[in-house]
Amino acid sequence: MRTFTILTALFFFVGIHAATAQTRIITGQVTSSEDKNPIPGVTVLLKGTRTGTSTNADGKFTLTLEGINITLVFSYVGMKTEEITLGESNVVNVILQPAMTTMKEVVVTALGIPREKKSLGYSTQEVSGDVVQKIKTDNFMNLLSGEVAGIQIRTTTNIGGSTNVLLRGIKSLEGNNQALFVIDGVPVSNENTNTLDQQDAGVGYDFGNAASDINPDDIESINVLKGAAATALYGSRAANGVIMITTKKGASRGDGDSKKNFHVTLNSGIKIGFVDKSTFPTYQQEYGAGYGHYYDGPGNYWYMRDLFGNGQLEQCVVTSEDASYGAPFDPNLMVYQWDAFNPLSPNYHKATPWVAAKNGPITLFKNPTTYMNSVSIENAFKAGNIRLSYTNYKQDGLLPNSQMIKNNVLLNGSWNVTDRVTVAGSANYIATQNQGRNETGYGTSSVLSLRQWYQTNVDLKEQKDAYFQTKQNMTWNWSDPTDLTPIFWDNYYWTQYENYETDGRNRFIGWASLDYKITNWLDIFGRMSVDMYDELQEERRAVGSIPSQFGIGYGIDGSLGRSYQGSGYLRRDITFSEYNYDIMANFNKEFLKVFSIKGVLGMNIRRTNQSRLVSATNGGLIVPEVYSLQNSAGPLPLPNELASKVGVNGYYASASLGWNSLVYLDLTLRCDQSSTLPVEHSVYFYPSVAGSFVFSNLIKEVKWISFGKVRLNYAVVGNGAPYNDLVDNYSLATPFGSPVTFVPEIKKNPDLRPEMTHSLEGGLEMKFFGKRLGFDFDLYQTNSIDQIVPLKVSAATGYFYKVINAGNIQNRGIELALNAIPVQTRSFKWNITVNWARNRNKVISLAEGVEDLQLGYFQGGVSINARVGQPYGVIEGTDYVYLNGQKVVDPATGYYEVTKNSDNVIGNINPDWTGGMRNTFTYKNWALSFMVDVSKGGDIFSLDMSYGLATGLYKETAYLNDLGNPVRNPVIYNTPGDPNSGYAPGSGGFINPGVKPDGSPNNIRASAENYGAFGYLYNPNRAFVYDATYVKLREIALSYTFPASLLKKTFITGITLSAVASNVWIIFKNLPYADPESGLGSGNLQGYSTSSLPSTRDFGFNLKFAF
Amino acid sequence: MVIMLVFSSCKKLQDLNKDTKNPLTVSGESLFTGAEVNLFQQMVTPNANYNIWRLISQQWTETTYTDESNYDLVDRTIPDNHWNWIYQYVIKDLDQSSKIIASTSYPFDPGPAVKKNRLAIIEILTVYSWSVLVETFGNIPYSQALNINNLLPKYDDGLTIYEDLIKRLDTATVHLDPAYGSLDVADQMYFGDVAAWAKFANSLKLRMGMLLSDVDPVFAKATVESAVSDENGLIGSNLDNAKLVYMSSPPNTNPIYDELVASGRHDYIPANTLVDTMNRMNDPRLPFYFTQVDTSTTGDPKLAYVGGIYGESNDFTQYSHVADNIQIPTFEGLIFDYAETEFLLAEGAERGYNVGGGSAREHYNNAIGASITYWGGSDDDVKNYLADPRVAYSTAPGNYKRKIGFQKWIALYNRGFEAWTEWRKFDYPVLFPPHRALSPVPVRFTYPIAEQTLNGANYATASAAIGGDLVTTKLFWDKY
């Protein structure tokens, strides 16, 4: 869909030379043949030059030219270009015809082969680079949500976090399901380097995914290849669809006049974010620290301590307790709080009023600011073109001391050495430096733990001041007023300023190609490309922090089961390189005017190497603040090393046959030889066939149908195994007086076969009334069979997992893309694009005898599973006990009964449907667009709610009950122990809706006196599963392009100013206190929300200069 | 370059897939060391995800998060973790270790004899590991276990397994020859001392036999008597204890240190059930088990041993803590000691077995004496304690089960699993579930949740066979 043609046209201004003698002033108006309306923005050029102008809002233009033989070229996207040679008259009125039926819409398909869109037998959808350039973000993928039917983007709120990009649902059980990114034909890695523990919601950071290195300002267009038929030539790794990115090139706008093609573009943007309060908890303001009343002092809410050695006991806050289920606030009550033990505090050794904090947890967040500045220089010569761009991106994060800096340089160009030989190349260097990412998941040093564990009496501003005053870990969470060591949580500012991580990546993506035209119908193309990076991740724990799981444990990356360390330093050195060597022969021939044949014969050799070295200190640091391995207090543990090498040799052939621009047939065959499969299964073939029928060519007399095409395809894509799944190795561990080895948890399999994905797709594409209305509709089914999975097995077998070929996952879906221009007048145009997609996935089978496969197990007792007959990714956990559909309440306590088993299906991570709608309004030089993005259905488990309600942090845990009394008051019957005697005045408690085991309605009042009543302790996991639906106003963008008339006496050729608001408003959601999109990171384990950052509403300005 | 790659042979391409960082073969001895350390880890750690028997036997309790003290096994999937650990991290490695050593030839004298000893020792530790699983769950996969080609192993009858294990111990003991060496430092428990392993094997057999007393008295008697009469003898002093001495730096520190000190957390405190009991008896082991806490309300220090209320929320600072000596990194882990052996002999005497001389009272006294001196008490402490009429065998209340069960429970402090098993056998001391408990005191673990999904049919059969997969289902040996 060419959504932004009008905007592109508006941006396209050309300078005007000042008039001299013998001039002619030529005026005229351009109108459309369809509706007779004037067309603004039509380019009017003196033929063979860059001299010209464009029409104004009334379709009118004025040109001052010299000479007698003047030919003007009128061009406008979507219309046929007209050439008018002027006679005597200086007035030219032009009527442009729509180009729809004849215009060749060319799209870039797999392997970079340009194809006429109407000839394709499969679905592709194009997004203009503009879409990802308006909003300045660290990861352009975030902006694709809702822009393409069938793309499912899940953005995390993590600083620089990874983005989950799914096309047509999850296909691989445990493998990678992310779409493949290809830039100018070069596949680039989009792996995230997050640890295993991080992905299972343990301690870790979300290091983002590597495709975010791509600079959005360099993107010309993005083409999304969704199905297997579209991607068949890429082979196995493209089974999840391909995001094809075409970068900007030095463009020729004349006939190779380098002076006129020289362009400089400056682009400057700034963005500032504000916390969306609906994505952060509302804390109750009535009760402070404690888990209940089992301590000392009045009401048993306090620590009574002899603070001054005078034999007198002082009333102190229960500093060690990280819940807010304690004493009711009372401004007249003076108690010793955490700051009474900070010698630099004005409250040192003083009792202060017992009140709710003035500055709650939300105080922690800053307004994140983003600056992005880029410059590009381009030129096009007769013999080729060149473009150089540089972008600097800087973001200060939501959390204190968090920052991302990215520098990106891209040089690309091509050179027509002779008429037959073209060489081209590209070099892209990207350096990123990040600091202070938020720790994700359930860990001891996540500052976002304050969603779950906190004291509502703690003032964050005072915490901040205490840290900066003392530069010590001045926590609110002392072990005891008489034992001033932090117990569970550090001062959050200490965490951010002392225990921060840093990471940086240096990346080079480059390619060189040679194209040799042997004849006019045959050319040979060769290309070598490389994508390589090294990444260093460093984690720190300062001396004085609470001990946390740190260092090296077990698991393939050493991140699981780590021991507690009070301080330490850890580094991960990661290198990645991928080399691709391509050679292909393209032929393209027409016969008898009606037949065309296009063919490719090619070969791809791919080598991917990855290495990782993890090392860490042990038993703490000797010297504080020195973060190095040699500063380890204990002997260094064995480091963790990985060196993986994967090679695939692919051979492919494709033929596209066309008849009379009416019927097209595509056939492909690919053969892969994979290093990861046993020799006897390492070579495998897979075919695809796609056909299309442009039926509108048969019914040309039906004028209102401008275009109509049906398409149908079937494809098989094979896939090799992950690295090292064939042979068993032993694991080595730190010696215990003598060498120690283990049998690993995973049993490898020397008999693996390739996996296969079969897909069937049919579609209908139609356009009406010229280009005013169009739709593209798709139906598909894919079955991924014989998948290579580490199947979880009974540990009684001696292993936890066995690698096998098994299973069948089916995805069925509908995709619909709609484009309409409801209103188009002289100066006003309204354009709507709608994308909608529904994907239903289902686990048809797993391994023999296996009904349920656990994919991930999370804190809180829930797991994400694949279960036969269910969608991939059900949430399993404990449920209510039901009687005739009613929740059963334990009559002894009034709390709900909870199932003993935790394999109940309590949710499904997949949305029912996703969709987006973009409206664009253009009026003269103004353009306004907004985008609404919807994800309907799907479930998410909230650990925050499970814990935060238990610990009494949220406002839902302090309210007046049905008796009009504080719910946390004890339940008091008139006759003690007799629920039928009525309630005494002031009785607290609440009545859970449901029935007693005998089926009668519940009338037993549950006590909310101590922690847990509302949270995980007395409720099943089911209680914290929420509908993940959201409706978001993603973006509002307003831009103004300075009229060319204003600039004509300057060297500037264009100025565009825009104001953009993104993530403006979550119009609807059901997940309390968090963004339903906030997950742990990209990967298969979604549907779990814990300790996430709130999302921000972002407002920004951009200025674009071209000269 | 391209051409070269194209014609690279298949074999060469496949070579890329080789793991260059981890070995294809290792020594059986290094696998044994790993298994031994892992076994101790599971039996010693107080980590609430793995080993909560100090809580279940009410030696310790929790401070704030009291779920495990109230028998919540599900939330942290504790049965899964225990099962997985023993099967994969212990038994699988022992099995592999045994296979490698069996297939290694030691042609030169005394190689063959040493090899025989090694295999026997591996077998003994394997039997011990299996016994822990059977004592936890009852029926478990055994005859079809450890076969990765059978993903759905059947569960065997607990009693059948147990009796087979005892037979395996018989055979292993016969194969031991103390005249030769064995695993040397690869064995961090006895450092290859074959005689010590023989004593451990005999004591283990004694314990396993005794556990069957109520269910198969004939077999139990024969087993106990054969253990007692073996020429190598039983664990005869604290020097023979089956222990692992930890090291001063992680990851080889005592897991108690890891959880109580290194973690910086304050999750566990001694439970009033045990502390009150010991206070009442003025037990000389109190200072070695617990710290004292100031109970003064006036400012004048008043130190006492105070246990947290079992299963309730407790304020860490108001109660006694686990004694400092237990929390040091190098504190030894223990899986069998001399006191335990003597208690078993006392029980054997009461049950009318030939325990090779000595009355129940003598063995009882020896057991208590061994425990007190192990922890650091003096001979006078022993004498005084035994003189207390509530302790003295003749005057202590109740039947022999009460007397032995009660004292054994105290002596098995910090050995939660054994304390739990002995409590299940003797039903003494009487333990009450806390008022918020999810169930009565568990007498077994439910099967791993993963078994329901991964091995469902066999799980269901086994559950039905034992009388329901519940924490209240008494195991085959737990008749009373």
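## Where chain B meets chain A

Between chain B and chain A, 28 residue pairs are in polar contact, both residues at pLDDT 80 or more. A polar contact is a pair of N or O atoms within 3.5 Å; within protein, one must be able to donate a hydrogen and the other to accept it, and residues adjacent in sequence count only if both atoms are side-chain atoms. This is a predicted model, in which local features need pLDDT of at least 70, side-chain atom pairs count only at pLDDT 80 or more, and totals for chains, interfaces and linings use all residues. Residues are numbered from 1 along each chain as its sequence is written, chains are lettered from A in the order in which they are written, and side-chain values use heavy atoms, without hydrogens and water.

Here is the interface in brief.

| Feature | Value |
|---|---|
| Contact residues (heavy atoms within 4.5 Å) | 88 residues from chain B, 90 residues from chain A |
| Buried area (accessible area lost on being put together, 1.4 Å probe, summed over both) | about 7400 Å², 58% on carbon and sulfur atoms |
| Salt bridges (side-chain nitrogen of Lys or Arg within 4 Å of a carboxyl oxygen of Asp or Glu) | two |

On the chain B side, B:Asn17, B:Ile148 and B:Leu454 lose the most area to chain A, together 9% of what that side buries. A salt bridge joins the side chains of A:Glu641 and B:Lys21 (2.7 Å, N to O).

Let's turn to B:Trp130. Leaving aside neighbours within four places in sequence, B:Trp130 is in contact with residues including B:Tyr87, B:Ile91, B:Pro141 and B:Arg168.

Conventions:
Buried area is the accessible area (1.4 Å probe) that two parts lose on being put together, summed over both.
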